[in-house]
Amino acid sequence: MQAVLEALHQGDYDTAFETLVRTLALAQGQDAAEAALLLAEAYSLYGEGGIEGANRALEEGLGSVPTLEAHPRYRAILGEMRALEGASEEDVRQILPQTTDPRALYHRAQALMYLGLPEEALEILNRPLELPAFLAWRAHTLRGKALERLGRAAEAAAAYKDAARLAVGLEHYWNLIDAAAMFVEAGMGQEALTALREAEPDAPELEDPEDAATRYYLEARSQLLLGNPSLALEAIQRALEKEREGAELAHGTPLVHGQALMQLGHPREAIDAFREAVRRAEDPDKSYALHELAVAYLEAGELAEAEATLREVMRDPEYGYQGEAYGDLAEVLYRLGRYEEASRAAQEAIRLGSLSAGHLILGNLAYDLLHLEEALEHYTKACEEALEGSRDWVTAQQMVVDTLAQLGFRRPDEIVSRSEAVLPFLHPADEWHHTLSNYLERARSLMGGSRTLN
């Protein structure tokens, strides 16, 4: 059977099945039973497509050795097939054995995954299981799937990397792609790129346009995470090219195309990309694409279109970023001069958890009325809530400094520290860079010139 195990590991399934079928036809007794179990195990690798073959192999094994039904691996594979067929959890649990046999435990974990019980599957898969090579990497992959379902993206990525180290050929490639996808979801751009670079040597030989489009898409998302929109744009354009060559049209490709264009400061071009993403997307992804389109309209100054699109987003009660949508709507209404509506939208944004966006608009409304103390309070809260380096954070820092300057350069040390913090995020040609540099120089002079720019 060693030759069969090696063939299964190398992905030479024709040789493995041919050998097992021949062995099962000629063997008797325990040899036939073992061949039947391994044949059922091989069929199980095909998921739903292997149910009939696996059940037939188990029946043949039982015909050779009637006591085989008590064997833990027999019961585990049978339970896995029943779970795949849609049997109830209660029925499957009655079949699954309580065992320490590593291979039976692997199939038990697989059955639990089919039942939608990733936590229980993980309890098994986190143990050190001594498995043949063709199952060893699959156990890591299965652990990755369980962690992915539980939303533990970084751990899932590490599991897929473990699988890739043991797998060969196409399986090695796919596990690296899965690892990269999970690293992206975890916000780990550099780790995602490393996995993709490791997969690259296999690409020309193994990947079709679909796989290539996925790889370039993940590369683009990784580069966006790393703040490299130009490189992201190059990668996503390759993904779009692969779609023209026959890869399935995915909504994520034009979505990332639009995001790269936005980071490059081209909102009008991004609008076309986001429109295509909306056209391709289905619920629940459509609302996210619509939100991105609305922000592009906002950045392009097309405020009526932005408002209409945001209100369409808000009609989706399941959309997970309602607070952010209300924050964007508040900005649109503020720019349109509809201040009472803007205030209500900002307060709703805060209520729904989008604190920085809501407080920014409330700060702007107070600032315009020369209620500078109130404005300062809102801007300060926006700074505290926004992610450092984000658009809200940069704007809020600018406005805190400006408000302190309008209040007679109150707290010059704070003007200096905030200016020093935000200036690296501004292009030298940005008018705010010039304004804050002047504020910084004035505040330093008030402090006796004791502070230097970092």
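User: Where does Leu370 lie?

Analyst: Leu370 lies in the loop between helix 22 (355-368) and helix 23 (372-385). Helices here are DSSP runs of H or I with at least four residues, strands are runs of E with at least two, and both are numbered from the N terminus. The model is predicted: local features need pLDDT of at least 70 and side-chain atom pairs count only at pLDDT 80 or more, while totals for chains, interfaces and linings use all residues. Residues are numbered from 1 along each chain as its sequence is written, and side-chain values use heavy atoms, leaving out hydrogens and water.

User: Why does Leu370 count as exposed?

Analyst: Buried means under 20% relative accessible area, exposed means over 50%, and partly exposed is in between (1.4 Å probe, protein chains only). Leu370 has 67% relative accessibility, so Leu370 is exposed. Its phi is also positive, about 65 degrees, although Leu370 is not a glycine.

User: What makes Arg411 partly exposed?

Analyst: The relative accessible area of Arg411 is 36%, and therefore Arg411 is partly exposed. Arg411 is in the loop between helix 24 (391-406) and helix 25 (412-422). Like Leu370, a non-glycine residue with positive phi, Arg411 has a positive phi, near 50 degrees.

User: Why does His266 count as partly exposed?

Analyst: His266 stands at 35% relative accessibility, so the term is partly exposed. The place of His266 is the loop between helix 16 (252-263) and helix 17. His266 and Ala300 are 34 residues apart in sequence, with their C-alpha atoms 8.3 Å apart in space.

User: Helix 4 holds both Glu52 and Asn55. Why is Glu52 called exposed, and why is Asn55 called buried?

Analyst: Glu52 has a relative accessible area of 61%, so Glu52 is exposed. Asn55 has 13%, so Asn55 is buried. Helix 4 covers residues 51-64. Leaving aside neighbours within four places in sequence, Asn55 is in contact (heavy atoms within 4.5 Å) with Leu78, Met81, Arg82 and Glu85.

User: Why does Gln223 count as buried?

Analyst: Gln223 is at 6% relative accessibility and therefore counts as buried. Gln223 is found in helix 14 (residues 209-225). Not counting residues up to four places away in sequence, Gln223 touches Leu193, Arg197, Asn228, Leu231 and Ala232.

User: How do you know that Ile77 is buried?

Analyst: The relative accessibility of Ile77 is 0%, so Ile77 counts as buried. Ile77 lies in helix 5 (residues 72-85). With neighbours within four places in sequence set aside, the contacts of Ile77 are Leu37, Ala40, Glu41, Leu58 and His107.

User: What makes a group of residues a nonpolar core, and which residues touch the most other members of the largest one?

Analyst: A nonpolar core is a set of buried Ala, Val, Leu, Ile, Met, Phe, Trp, Tyr and Cys residues joined through side-chain atoms within 4.5 Å. The largest has 75 residues, and Leu8, Leu38, Leu58 and Leu131 touch the most other members. Helix 3 (residues 29-44) gives this core its largest share, 9 residues. Beyond four places in sequence, Leu38 touches Met1, Val4, Leu5, Leu8, Leu20, Arg73, Arg103 and Phe134. A second, separate core has 44 residues, including Ala232 and Leu255.

User: What joins Asp283 and Pro284?

Analyst: A cis peptide bond joins them, with omega about 0 degrees. Pro284 is in the loop between helix 17 (267-280) and helix 18 (285-299).

User: How does the radius of gyration of the protein stand against that of a compact globule?

Analyst: The radius is taken over C-alpha atoms, and the globule rule is 2.2 Å times the number of residues to the power 0.38. A compact globule of 454 residues would have a value near 22 Å, but the protein has 29 Å. Along the principal axes, the C-alpha atoms fill a box of roughly 95 × 45 × 45 Å.

User: How many helices and strands does the protein have, and what percentage of its residues is buried?

Analyst: The protein has 26 helices and 0 strands. Buried residues make up 51% of its 454 residues. Of the contacts with a separation of 6 or more, 55% are between residues 24 or more positions apart.
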